[in-house]
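Subject: Structure handover

Hello,

Here is the structure we talked about handing over. Please open it alongside this note; my findings follow below.

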Amino acid sequence: MTSHPPGLDITGLETVYDALATAIDTAGPERSELMLVKLALLHAQALGDAALFQQQLQTALQDL
């Protein structure tokens, strides 16, 4: 089993949220979807665990 570092605290999550919102605005409506796909692939690569990425993907789809 792969060991993962502990999750972010609320301050870290707020920082990431702000950075993501800024990146989406910077990409613009015509390229934000592509940017998010690229970000997801980079996240999956950094995570190094396809099953965990799938779990996170399913969690993100809940309650949209």
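At what angle do α2 and helix α3 pack, and how far apart are their axes? The angle is about 140 degrees, and the axes lie 9 Å apart. Please keep in mind that this is a predicted model.

**The α2 and α3 pair**

An angle over 145 degrees would count as roughly antiparallel. α2 and α3 are therefore oblique to each other. The crossing of α2 past α3 is right-handed. On the α2 side, the contact is made by A40, H43, A44 and L47. On the α3 side, L52, F53 and Q56 take part. By type, the residues of this contact of α2 with α3 are 5 nonpolar and 2 polar, with no charged. For orientation, α2 covers residues 32-47, and α3 covers residues 50-61.

**The chain overall**

Now the wider view. The chain has 3 helices and 0 strands. Read from the N terminus, the order of elements is α-α-α. Along the principal axes, the C-alpha atoms fill a box of roughly 40 × 25 × 25 Å. The chain has 64 residues, and 9% of them count as buried.

**The α1 and α2 pair**

Helix α1 spans residues 10-27. The axes of α1 and α2 come within 8 Å of each other, and they cross at roughly 135 degrees. That makes α1 oblique to α2. α1 passes α2 in a right-handed crossing. From α1, the contact draws on L20, A23, I24 and A27. From α2, it draws on S32, M35, L36 and L39. The residues of this contact of α1 with α2 divide into 7 nonpolar and 1 polar, and no charged.

**Residues to look at**

Start with S32, in helix α2. Is S32 buried or exposed? S32 is buried, because its relative accessible area is 15% and the cut-off for buried is under 20%. Setting aside neighbours within four places in sequence, S32 is in contact with I24 and A27.

Next is M35, also found in helix α2. Which residues does M35 touch, not counting residues up to four places away in sequence? They are A23, I24 and A27. M35 and L61 are 26 residues apart in sequence, and their C-alpha atoms are 18 Å apart in space.

Then G12, which lies in helix α1. G12 is buried, with a relative accessible area of 16%. From G12 to A27 is 15 residues in sequence and 22 Å in space, C-alpha to C-alpha.

D63 is exposed, because its relative accessible area is 80% and the cut-off for exposed is over 50%. Most residues other than glycine have a negative phi.

Best wishes

Methods:
Residues numbered from 1 in each chain as written. Predicted model: local features only at pLDDT ≥ 70, side-chain atom pairs only at ≥ 80, totals over all residues. Heavy atoms only, no water. Helix = DSSP H or I, 4+ residues; strand = E, 2+ residues; numbered from the N terminus. Buried < 20%, exposed > 50% of the residue type's maximum accessible area, 1.4 Å probe, protein only. Contact = heavy atoms within 4.5 Å. Axes fitted to C-alpha atoms, helices over the stretch in contact; angles between N-to-C directions. Parallel < 35°, antiparallel > 145°, perpendicular 65-115°, else oblique. Left-handed = near helix turned anticlockwise from the far one by under 90°. Nonpolar A, V, L, I, M, F, W, Y, C, P; charged D, E, K, R; others polar.
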